[in-house]
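Here are some notes for a colleague opening this structure for the first time. Please read them with the model on screen.

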Amino acid sequence: MTDRTYTVLLYSDDPQVRDRMRLAIGPRPAADLSVEFVEASDYAACVRLVDDYEIDLMVLDGEATPGGGIGIARQIKDDFVEAPPTCVVIARAADRWLAAYAQVDGTLLHPLDPVTTGQTVAGLLRSHAAA
């Protein structure tokens, strides 16, 4: 890995959920990775950020309203030829099948565990960088 800083898009309609995501990921989800965050509170802002930045990973709140993270992940995968990898934070493990249908690359469960979150984010960033 290089000393590059990766850009992670955090999406939720709730600023407190975005704060929890940011805290669980942290500025260094692994010793060899550093990240910066951009935030969106609706679908239009997600699309704008994907258009305007080189987004390395999207972490989306599956419980957000009116647009849930699973639906946004699927729409962005459909709309962008080179969509960034996505990780959706869901409330129920049973929703993983729906996330898989939406072509989500990873899932996390509310409440976010910092160790699991860091490992998941690091793995997704590494696999995207290697591609």
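1. Start with strands E1 (residues 5–11) and E2 (residues 34–40), which pair in the parallel sense over 7 bridges. Two strands count as paired if DSSP finds at least two bridges between them. Strands (E, at least two residues) and helices (H or I, at least four) are DSSP runs, numbered from the N terminus. In this pair, Leu10 stands opposite Glu39 of E2. From E1 the chain passes through helix H1 (residues 15–25) to E2, a right-handed β-α-β crossover. Right-handed here means that, with the strands pointing away from the viewer, the path from the first strand over the helix to the second runs clockwise.

2. A word on the basis of these notes. The model is predicted: local features need pLDDT of at least 70, side-chain atom pairs count only at pLDDT 80 or more, and totals for chains, interfaces and linings use all residues. Residues are numbered from 1 along each chain as its sequence is written, and side-chain values use heavy atoms, with hydrogens and water left out.

3. Now the whole sheet. It is open, with 5 strands in the order E2-E1-E3-E4-E5 and parallel pairing. E2 and strand E5 (106–109) are the edges, each pairing on one side only. From one strand to the next the twist averages 25°. Angles run from 0 to 180 degrees between N-to-C directions; axes are lines fitted to C-alpha atoms, for helices over the stretch in contact.

4. E1 also has a partner in strand E3 (residues 57–61). The two run parallel and are joined by 4 bridges. Leu9 stands opposite Met58 in E3. H1 packs on the sheet, touching E1, E2, E3 and strand E4 (86–90), and its direction makes about 150° with that of E1. Contact means heavy atoms within 4.5 Å.

5. Helix H3 (residues 69–79) deserves a look from two sides. It lies across E1, E3 and E4, running at about 165° to E4. Its axis and that of helix H2 (residues 43–52) come within 11 Å and cross at roughly 40°. That makes H2 oblique to H3: under 35 degrees counts as roughly parallel, over 145 as roughly antiparallel, 65 to 115 as roughly perpendicular, and the rest as oblique. The crossing of H2 and H3 is right-handed, meaning the near helix is turned clockwise from the far one by less than a right angle.

6. Which residues of H2 and H3 meet? Tyr43, Cys46 and Val50 come from H2; Ile72, Gln75, Ile76 and Asp79 come from H3. The residues of this contact divide into 5 nonpolar, 1 polar and 1 charged. Ala, Val, Leu, Ile, Met, Phe, Trp, Tyr, Cys and Pro count as nonpolar, Asp, Glu, Lys and Arg as charged, and the others, Gly among them, as polar.

7. Most residues other than glycine have a negative phi, and most peptide bonds are trans. Thr65 to Pro66 is a cis peptide bond, with omega near 0°; Pro66 is in the loop between E3 and H3. His110 and Pro111 are also joined by a cis bond, with omega about -15°. Pro111 is in the loop between E5 and helix H5 (114–130). Gln103 has a positive phi, near 65°, in the loop between helix H4 (96–101) and E5.

8. Finally, find Thr107 in strand E5. Thr107 and Ile90 are 17 residues apart in sequence and 7.0 Å apart in space, C-alpha to C-alpha. Neighbours within four places in sequence aside, Thr107 is in contact with Cys87, Val88, Ile90, Arg96 and Ala99.
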